[in-house]
Amino acid sequence: MKTRKLIRIARRFGGRGYAIAGACAVLAVGGIVLLRAPGHAVPRGPVGFGPTTGTFSAAGTARTQFAGPLLTGEAALSQSAVLAHGTRTVLAELTFRADDEAAGAVRRMPVAIAVVLDTSGSMSGEKIVQAQNAVRQLVERMRPDDQVALVTYNHTAQILQPLAPVSHVRAAIDSHVSRIFAGGGTSIPPALDLGATQLAAAPPTHIRRVVLVSDGLDGSGRPLEAVADGLRAQAQRGLYASSLGIGADYDERFLTTVADAGSGNYAFVARGDQLDGFLARELEQASNTVVEQVAAVLKLPAGWRITRAFGADFEGATAESVLSVGPMFRGDTRKVVVELQVDAGAPGNLSAMGVEVRYRTTADARQHLIAGGQLALAAVPTVEMAEASRDADVFARSKAVVIEEEQAQAVEAWRAGDVQRAQTITSRNVAELRELQAAAPAAAPELSRQIDAYEQDESSFDSLSADSEAGRAYGLGSNAARRARVMR
């Protein structure tokens with residue numbers, strides 16, 4: 001078949017390119033057969049999930065929307081076709097939106113928070129005083145039916161206040177906090193374990209969250225991946241973990257891993273007096289949680305595999321992958337970008353990735369399953385046809401997230417003393433973002449903010465020593481802001 005004729009077919013069936021709209025029939029032209037993607041019966045959920053409670057639209061295309069109680073969103077591929085006969089990279093973007101139109105259906109949820117507070121020697125002076133004040137203010141903001149626990153740690157961990165209703169322990173918390181002092185080393189995992197143990201006793205009606213605060217390096221010797229595995233298992237049961245790094249000397253990798261595996265938040269603050277703001281946001285988000293245990297399940301055809309995921313923790317790279325998003329508060333939007341390697345077959349081959357969304361609505365404790373989503377991808381004979389199928393906005397947004405990971409490498413190069421490599425990576429990233437911006441005007445404002453951040457990186461790489469306190473703080477702040485952009 002001539003290329004011109006194939007392009008006419010692509011335009012007929014694809015809006016923006018080679019999308020086989022609906023993929024409902026067999027199309028045979030000149031020996032190339034486009035088959036409907038294999039159908040799937042509506043699946044029943046795993047234990048705890050009932051029949052489908054929401055819907056997907058547009059099965060068999062490269063973009064599909066979903067809607068269920070208090071949660072909507074969409075899943076899309078960066079393109080609807082790839083060049084045949086080879087391994088190709090495709091990006092998938094999944095967007096989740098929690099309902100912000102409460103209208104009586106959403107109420108303020110009671111929360112159970114375990115504050116896990118670093119009291120090692122490096123917290124002495126103003127930091128420990130500011131931490132004491134922040135804990136007091138947190139308890140003041142909590143409602144009588146909320147529950148709170150306080151765990152402190154240095155080289156050992158202890159429970160200062162067991163989990164109890166706030167109405168019963170306001171005075172006791174103030175007394176406990178007054179007696180906190182700084183001294184000793186930093187051993188984080190045992191303290192996290194104590195916090196999780198306390199929250200295990202919280203009523204099922206409460207949103208449960210461990211909030212870890214640290215200004216130091218973990219000295220426990222426990223492998224970080226073992227810590228992460230435990231946090232993932234807890235998050236799947238609705239017990240989440242957030243982390244806050246104070247100052248410029250904490251273990252960044254440890255704290256970001258805690259937040260990622262625990263489906264929680266991560267933040268960096270340069271000064272202890274900013275701790276109160278972080279705790280206030282944690283309480284606000286937890287109490288306004290409308291859905292939790294949010295996860296997308298991708299059912300991958302043979303020859304498809306996940307190489308990286310951004311914005312969510314994931315398990316399983318082939319066949320079936322679970323991307324854990326965690327809890328979402330009222331009006332919250334979360335985005336997950338997945339990088340896929342696809343073994344494309346002969347021209348005309350059509351395969352489809354299945355998509356499910358699972359979650360729990362907090363107000364009624366109901367489990368929901370939105371099943372039946374499909375994203376289709378065709379193999380085509382020319383590069384031009386593959387590029388013509390690209391969804392410019394989805395590709396630009398998704399590629400920008402991948403570039404964020406590359407910018408993290410620039411920060412690491414600068415920290416290692418290789419300023420030239422850091423600048424080279426950053427310049428390349430800025431140039432690529434400008435190209436994306438020109439091709440996708442709808443994504444331009446968001447890309448502009450990313451470009452501005454990278455240009456600030458370029459300036460700071462030249463003006464700051466990575467070993468100075470100001471330089472360490474800049475690197476931590478830059479990475480924290482990058483992570484926030486990925487998670488938005």
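**A strand and its neighbours**

Reply: G245 stands opposite F268 in β13. This is a predicted model, in which local features need pLDDT of at least 70, side-chain atom pairs count only at pLDDT 80 or more, and totals for chains, interfaces and linings use all residues. Residues are numbered from 1 along each chain as its sequence is written, and side-chain values use heavy atoms, with hydrogens and water left out.

Me: Which strands pair with β12, and in what sense?

Reply: Strands are DSSP runs of E with at least two residues, and helices are runs of H or I with at least four, numbered from the N terminus. Two strands pair if DSSP finds at least two bridges between them. Here β11 (residues 207–214) pairs with β12 in the parallel sense over seven bridges, and L212 has S243 of β12 as its bridge partner. Strand β13 (residues 266–269) also pairs with β12 in the parallel sense, over four bridges.

Me: What handedness does the unit of β11, helix α5 and β12 have?

Reply: A crossover is right-handed if, with the strands pointing away from the viewer, the path from the first strand over the helix to the second runs clockwise. The β-α-β unit of β11, α5 (residues 224–236) and β12 is right-handed. Another right-handed unit is made by β12, α6 (residues 252–261) and β13.

Me: Why is β12 described as largely enclosed?

Reply: Buried means under 20% relative accessible area, exposed over 50%, and partly exposed in between (1.4 Å probe, protein chains only). Eight of the eight residues of β12 (residues 239–246) are buried, so the strand is largely enclosed by the rest of the structure. L239, A241, S243 and G245 point one way, while Y240, S242, L244 and I246 point the other way.
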